[in-house]
Amino acid sequence: MKRKPENWPGKVGLFALTVVQATALVGFWWVCDRLVRMAGLPVPAGVVGMLAMIALLALHILPVRWFSRGAGGLLNHMLLFFVPACITLRDHPELVGVTGLKLLAVIVVGIVSVMVGTALIVELHFRTRSRHVR
């Protein structure tokens, strides 16, 4: 006879909380997408949404706990977002040749430049912040 775990309602509650928070994040992106389209901005809705979310969190308008489990759930399942890229690679074998190497070089340089830029900005922020603390 199989026993139910003692914390079964807790696990269901945490799963429901994760789903609600992830849905709220997707809804937030959807609203930003509509605003970007209405305003005709040449910026992706994800960037506008990220900046808006950072501003709302930094100004303590939204608490982090309202989105932490949902964001963690989306990050844990990020591989699912890359499955279409694998199917595209199968449908376009030319990406495995020289064209693919050029594309790979552009992607690697782009990722490295973003990571280095982010690291420099974070380092600058911490140095500036530590000067104000002293």
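How many residues does helix 2 have, and how far does this helix reach from its first C-alpha to its last? In this predicted model, helix 2 has 14 residues and spans 20 Å between those two atoms, close to the 20 Å expected at 1.5 Å a residue. The buried residues of this helix are Ala45, Gly49 and Met53. Viewed down the axis of helix 2, these buried residues fall within an arc of 65°, so they line one face of the helix. After helix 2 comes His60, which has a positive phi, near 60°.

Helix 2 also takes part in the largest pocket, where its 5 residues are the biggest contribution to the lining. Rolling a probe the size of a water molecule over the atoms shows where empty space is left. In the largest pocket, that space comes to about 290 Å³. Two elements give two or more residues to the lining of this pocket, namely helix 1 (8–39) and helix 2 (45–58). The lining is made up of Leu25, Val26, Phe28, Trp29, Gly46, Gly49, Met50, Met53, Leu57, Phe67 and Ala71. Sorted by class, 9 of the lining residues are nonpolar and 2 are polar, with no charged residues.

Gln21 lies in helix 1, one of the helices that line the largest pocket. With a relative accessibility of 5%, Gln21 counts as buried, because the cut-off for that class is under 20%. The side chain of Gln21 reaches the backbone oxygen of Trp66 at 3.2 Å. A polar atom of the Gln21 side chain also lies 2.8 Å from the backbone nitrogen of Arg69.

The second example is Thr118, in helix 5 (residues 98–133). At 45% relative accessibility, Thr118 counts as partly exposed, whereas Gln21 is buried. The side chain of Thr118 has a polar atom 2.8 Å from the backbone oxygen of Val114.

Notes
Residues numbered from 1 in each chain as written. Predicted model: local features only at pLDDT ≥ 70, side-chain atom pairs only at ≥ 80, totals over all residues. Heavy atoms only, no water. 1 Å grid on protein atoms, 1.4 Å probe; cavity = no way out; pocket = protein on both sides within 12 Å on 5 of 7 lines; lining within 4 Å. Points joined across faces, edges and corners; volume = space filled by probe spheres on them. Helix = DSSP H or I, 4+ residues; strand = E, 2+ residues; numbered from the N terminus. Nonpolar A, V, L, I, M, F, W, Y, C, P; charged D, E, K, R; others polar. Expected span 1.5 Å × (residues − 1). Buried < 20%, exposed > 50% of the residue type's maximum accessible area, 1.4 Å probe, protein only. Arc of directions from axis to C-beta. Polar contact = N/O pair within 3.5 Å; in protein donor to acceptor, adjacent residues only side chain to side chain.
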